[in-house]
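Here's a quick look at how two chains meet, followed by a stop at one residue away from that topic. Have the structure open while you read.

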Amino acid sequence: MAGMVEIPHLALMIAAALALGVGVRDKPGFAAMRENFLMWRGLWRQRARWPAPLTGAFWLAPALSLASVLLAAALTPSFTTALPGAALASLPLLAGLLGLSALAPGLALLEGGTTAGGLALGWRLGFGVLATPILFLVLWSLAQLAGGVLIGGISAEIAAGAPLAPRLLGLLALAALARCAPEPLPCPDHAGRARAAFLAAAALRRVVLCSLIADLFFPAGLAGTEVAGWGIGILAWVIKAGAVALAGSALAPARPATRRPSPTLLSPELGAAWALALGAALSAAFARGAA
Amino acid sequence: MLVPGVMATLVLLLAAGLVAGLVGGAAALLLAAPQRWLGRFLWLAPLGAAVLGGLVCGAGTGGRALLALPLGLPGYGAVLTIDGLAGFFLMASGVALAAVLRLVPPARPAAAALLAGFYASLLAADGFTLIAALAATLVALWRLVAAGRGTVLAGIVGLGALLLALARLAPLFPDGAPDVAFSAMRAAPQAGARGAAIVALALLGAGLIALPLLWPARLGRRVAHEAALIVALLVPSGLYLVLRFTGDLAALGAAPGQDVIIVLGGAALMLGGAREALLTITLGRIAAAVGVALLGEAILACGVAALARGADLTDAAHAAASAALLLVFLASLAPVLLLLVAAVLRAEAGTEALARLGGLAPRLPFTAASALAGASALAALPPGPGFAAMALLLGTLWHLPRIGGGAGAFGAALLVALLGAGLALGVFAMLRFLGLGFLGPPRTPRASAATESDRPACWVLGGLAGLLALAGVAPGLILWLASPALAVLLPAAAAVSGGLRPGWLAWLAPPLLAGLLVALVALMQRFRGAQADAARPESAWQEGYGPPPRWLPFGDPATLIDPACFTASWRCAERPLGAALARLARRPRAAWRAGCAAWWEG
């Protein structure tokens, strides 16, 4: 019976991803949702092309990307922490699944084997080398505050009251990172359902990230096992995750990629994110030492 | 079921027989006639040793029987035993050594002496036997691979450092002579600066013995099979020495300062190896760099275990030591597998240079799958074996700031950041290796005409890849086999909890996740829809380039991805990053102002 909650949880996550889709920036409100629906339907009906010299990796990449982010979505709490996979939902596993999902389009780009694809992938992977320590430091500061790496435990501990400084610094570090992060990898050669899988994976990744930030930094309203709290939990999730998504898209127009092509991976925003993440980690360590 | 003590004696006798047989075999090889016959079947010896090690680990009954041989210095008879640690290393190293010797039967008798010395060093239970066996192994290896004078000198200095560490470890008899038996050293653990000096000497000795030959720039120049033999022997040897000295003889975490030395050494090796794997352009060198990076990861995990053990954090020490042993298994197998893949590619595609490979996955599917399994050891993504080890290690790190106050917190934060950078570098390097080597269009005629290797090579590659995949899907099994070794490293924890077998989560979670992932991918393959045509869509204007002319059937080189251009942005970032850090250290206020100005200018 406890496993049944996974169904509404996943349905909510997927519905949010499909509704948000990719066109949310272009048009407001329901027009964007309708356009999204038409896009998904068109992609589902479109007959795919299989470029002959390419291998199975070309087709495996979208499926792998979507499958891994679906697993991550099943483990990330949205409105309740009483999910059947709660014992597995640890920060390293979620980071690994989201990383796998984000990197899978790279397989398709490498299969294409063009210079532009290689440069795009190399740029993003190089950025990943500089950004992963920041993510690790922020997640590590949260794990210290809660004394564990399980999402449910961290949410409960932060809801019960944890020092503000490390959480604030961690959130600012993530904001600085969002400001300088590159766009997701492009998938130029795919059509039909493979393209739909890539786009759905990217949208679901965004929903999972927003839910994760909401769970870890603003756990208020997150329900437990009792069914009575689920309504409030759903409302709280919509508000919190929506606010995080709006904040993320507000930061996005300031990205260097949209202003001018950056000659180097380094940027002042990245430096600020490093400093803030280090500050979050150290303040969490001292707060824990004082407690 | 045999009584454990009887079984341990039996295993010990078998092991001694194995060593004696190898020594006898080397002598027979020297005598002449049956040289070729013995060389062909020498691979069975390490395979037997691996089975033996597996038996010891599975039964969990090591270290109870000592075999005193009537050999050695006056008054010091050589003592052999198989404890859990030796059994685990027998198992991990035996498979890789058997794979190498199966594919390339050794033509020289030194190979048998090499194995005899190596196994004697694993079974040694006193200092003199360990040093003598190591010396025999190294002399045989140097002879086999024609090592240079510098390597030999470094090895001799390394042996000297180990001897010094043993001299500081050994308690004295009433008459002033040192007691070199390991059991006596364990009974009198060294604390304080003395313990830290022992660990530093042991790390120095292991590094000087292993690293000159494992150095990627040098190893990459060797023939791939020879390089595979060096890696299969020296990576487990180096790790065994580190774990035996720091984890067992000097008692893990007993002396303050030793953990920091281990962590620093491991982090430097991990980052350096992963960076080398990312920037280099030949397959052999990448595989060697993977070996160094995994060696560093294992040593780093051992250092984290020492940190946690020193602060009496038993659970964290247990998890970190488990991660270290899992990484020992991976470091013994993965680089050897990648070097054997490099040998196959050299034979079938004519080159090891990434720029001249490409498009090999459909032509060599078996080799490509093996390369994927080998690469997944360093690229810590689920459901690979590297991820299982890293998840264990990352789960312990939040304990660390309890140790050492402000400096400790800063050091721990730096360690977390370095670990993140190392993991991302590993993923980057392995994606580049797989993508450029096996995916995309073939870049040379030779690569486009490559075919799958012969059947024995496929079997050997498949066996190693299967073991690595098993470590990823069922790390609980490897951790179960590693639990006697864990009891050697953490005897107090073993005594308290009555055994260190892995919990249900380690058994259940990885296969469940991997199964779900595979099932979802298979389900999506069913729904991927109909295909419209089988021709590659050639648009007239692809990414700013026209279609390649007829006389360039493998595409225009200007439009094809290149190993160097793939890492261009990272190489561009490295130099200013170093310059910016230097500037920040030299003139912090000016650096701050420049950063602010750059921020506001956008």
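In this predicted model, 75 residues of chain A are in contact with 69 residues of chain B. The size of an interface is often given as the accessible area lost when the parts come together. For chain A and chain B that comes to about 6,400 Å², with 77% of it on carbon and sulfur atoms.

So much for area; now the polar side of things. Across the interface of chain A and chain B, the rule turns up zero salt bridges. Polar contacts do show up: three residue pairs between chain A and chain B, counting those with both residues at pLDDT 80 or more.

Which helices of chain A each supply at least two residues of the side that touches chain B? They are helix 3, helix 4, helix 5 and helix 11, with these ranges:

| Helix of chain A | Residues |
|---|---|
| Helix 3 | 57-75 |
| Helix 4 | 91-112 |
| Helix 5 | 115-146 |
| Helix 11 | 268-290 |

Helix 5 of chain A gives the largest share of that side, 20 residues. Sorted by type, the residues of chain A's side that touches chain B split into 48 nonpolar, 18 polar and nine charged.

Leu486(B) sits in helix 20 of chain B, which covers residues 475-489. Is Leu486(B) buried or exposed? Its relative accessibility is 3%, so Leu486(B) counts as buried, the cut-off being under 20%.

Methods: Residues numbered from 1 in each chain as written. Chains lettered and ligands numbered in written order. Predicted model: local features only at pLDDT ≥ 70, side-chain atom pairs only at ≥ 80, totals over all residues. Heavy atoms only, no water. Contact = heavy atoms within 4.5 Å. Buried area = accessible area lost by both parts, 1.4 Å probe. Salt bridge = Lys/Arg side-chain N within 4 Å of Asp/Glu carboxyl O. Polar contact = N/O pair within 3.5 Å; in protein donor to acceptor, adjacent residues only side chain to side chain. Helix = DSSP H or I, 4+ residues; strand = E, 2+ residues; numbered from the N terminus. Nonpolar A, V, L, I, M, F, W, Y, C, P; charged D, E, K, R; others polar. Buried < 20%, exposed > 50% of the residue type's maximum accessible area, 1.4 Å probe, protein only.
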